Amino acid sequence: MSVLRPRTLSARYARTAYLFLLPAILFFAAFFYLPIGNVVSTSLMTGPQADRFTGLGNYAQALADPSVRHSFLVTVAFAVAVVAGSIVLGLALALALDRPLRGRVAFRMMLLVPYLTSVAIVGLLWRNILDPELGVLNRSLSAVGLPEQQWLNTHPLLTIAAITLWQSAGYTMVLFLAGLQGIPETFHEAAKIDGADGWHRFWRITLPLLAPTTLFVSVMAVISGLQAFGQAYIITNGGPGDATDLSVFHIFNVAFRARDFGYASAQSVLLLVVIVAFTLIQLRAGRRGEVQY
Amino acid sequence: MSPHLSRRDLLRLASAAATVPLLSACAGAPPAPGAEPGTFTVYWNAGHDYQAYRKVIAEFEQANKVTVTFQKYQWPDLRTRLLADFASGVVPDVVEEPGGWVQEFALSGNARSLQEYVDRDGAAMGFPADWQAVTVERNSYQGQVYGVQLHLTCTLLFYNKGMLDAAGVQPPTTWEELLEAARKLTKDDVYGIALNQDHTYANPWLLQAGVRHYDPGTKEVLTPRDKAVEAMRFQADLVHRHKVAPVPVSGTDYSGPQKLFSAGRAAMIITGPWDLGPIKETSPDIELGLAAPLKKDGQATNAAGTSLLVPAKAARPDLSWDFIKRITALEVERAATEEVGMLMPRVSWAELPEVGNDPLIKPFADALGYAQDSSQEIRLTGQSGRFDEELKKMYQSVVIQNRPAEEAIEALAETAKGFLK
């Protein structure tokens, strides 16, 4: 039996590292890569039992299907709203709570609570608040003489995006707070001595140095925006009509209502490709924009 | 032996570890809960857990020396779970379904034919002779029985007697009378009528206009088309033109109209027996009246309600059948009606004195005699799931978003052509 010892120290470190990684690799293989492989193979099948081979037929059908295209556009619009809102709202809250305010820890906790709450509870809560006839919001609006609203009917996509933002704002705030606290105070002091006002310091120091955080927030928001499901499932059921037919919700319906697992799998694979592509583009663009002082 | 791992040892270790999940994946699914000795798995709707059924389950357990695992779900979750079970081969022993799945799963080979049991025990239990004809038809496929109806429901017009009396309005019997009544009843914070966001509530209107979901002869959907347009436009007009109904809000909850009715914000709603309990509980002061289904080209209402099926891979179909026989017995139907007011499919149930004497059950029992199943033909195409999705989009775009009915129905028909070839 040959005794094989890594010849170099780095090789020995590498071997040890791989051994430590092995459980995680096995876990991911069993619960992520094998199911993904299964989805890819199912995407080549058709029929209610997904037992007839159809090759790339499901992919061709998905690319030509207006309802798939519609749900993708709805999802992109939702993701754009969530990404833009996450960055603006998260940063604004972080800037506000980065100051020495009384009770800022309590404020931070309050803002984080919705993120810790399940999307099902958040969805039901807002559905009740926004109910046009019996909801608290319209009762309050009419009590102060303002016109009642039908936001879930008139702007359903924007409404569920706003609810998503309400839920996730605390999390992005925490990320931006960590980023803000990583910016050395000396940069701001130097800029003050040079006569820069608060606005200039924000644009020239804070924002550029927050680029890695902004990149992380935007990548995570795009991924979660493109994968959003609970909002459509709990709050609007994809409606009215197909106004909030987000991609994952659409795929879920194809699989579990229309019973076409092959077609649903093909759409899942296409969505995965889109998410990976978006992420890579964002990472490339984001890294190019990073600055060092 | 060297304490150090050789490259070969490392490879062996890694290969062995890598094969663990692979082998476990290939090893097949764990045994079905229902297949475990001594247990019997039933999937049930969360809202149908009645004491009358609990009693039957206890008797079944004692008689068969098994423990019943009674798993309760909302319908969408039950369907998701069941389809996953079909894929894995791990199936329950008996499933309650919301109407329509029996034929769908018979068609796909996932439901078991119960014909041999019906041939053996049918006469003794009164099946199919004692079941309303529509319930036998909707649970059969290619001449074989695949399911047994558990509940048979339909929708009627619920009205607030106090509000109608105050406005000097008689319960409407036609669409025109309904509009007239709704106009008189709409004032301040009260709507004359409230429509549901759930598209299945369009079925009575479509049936009253003589519309079928699908005509297998012509392969047309929502036919005759002009009548379908008229029915959809009438509902949209109640909301947007006459403003006698609030705009429904899309969601998974179909209790919106009942909540408005209970809150005294709607004078009339069209719904089924499932809303009797919530109205009584939340608003005992409301004097509830029930009117017969409306008339347009004909008087009609939709037959709905749940059935029981046995998955094709169920391990002990004899036990499953015994469970079905026990839980559909007339005395159990009587007990469930007494407990919660649920409506039942047996002809002899409709003739029970307690049914005939109950002012809140008799109108339903009368209507069940001519209730129709509007979606049977589409189910037999195997495309009912996709059609249902498209019907939902059409209904909501017309009734909620006020899209012209002609345009929305035309769009549905175009899409349906793609999957009903």
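The following questions and answers concern a predicted model and the reasoning behind some of its labels.

Q: What makes residues of domain 1 and domain 2 of chain B count as being in contact?
A: Two residues are in contact if their C-beta atoms, placed from the backbone, lie within 7 Å, and by that criterion 11 residues of domain 1 of chain B are in contact with 12 residues of domain 2 of chain B. The C-alpha centres of these two domains lie 29 Å apart. On the side of domain 1 that touches domain 2, helix H17 (residues 362–368) of chain B supplies the largest share, three residues.

Q: Why are eight residues on that side of domain 1 of chain B called nonpolar?
A: Ala, Val, Leu, Ile, Met, Phe, Trp, Tyr, Cys and Pro count as nonpolar, so eight residues there belong to that set, while two are polar and one is charged.

Q: Why is the set that includes B:Leu368 called a nonpolar core?
A: A nonpolar core consists of buried residues of listed nonpolar types joined through C-beta atoms within 7 Å, and B:Leu368 therefore qualifies as a member of the largest one, which has 79 residues. B:Leu368 is among the members that touch the most others, along with B:Ile193 and B:Met268. Helix H10 (residues 225–240) of chain B contributes the largest share of this core, eight residues, and at least three residues come from each of domain 1 and domain 2 of chain B. Apart from this core lies another, of 36 residues, among them A:Val83 and B:Val249.

Definitions and conventions. Residues are numbered from 1 along each chain as its sequence is written. Chains are lettered from A and ligands numbered from 1 in the order in which they are written. This is a predicted model: local features need pLDDT of at least 70, side-chain atom pairs count only at pLDDT 80 or more; totals for chains, interfaces and linings use all residues. Domain bounds come from an automatic or database domain assignment. Helices (H or I, at least four residues) and strands (E, at least two) are DSSP runs, numbered from the N terminus. A residue is buried if 20 or more other C-beta atoms lie within 10 Å of its own, exposed if 12 or fewer, and partly exposed in between; C-beta atoms are placed from the backbone.
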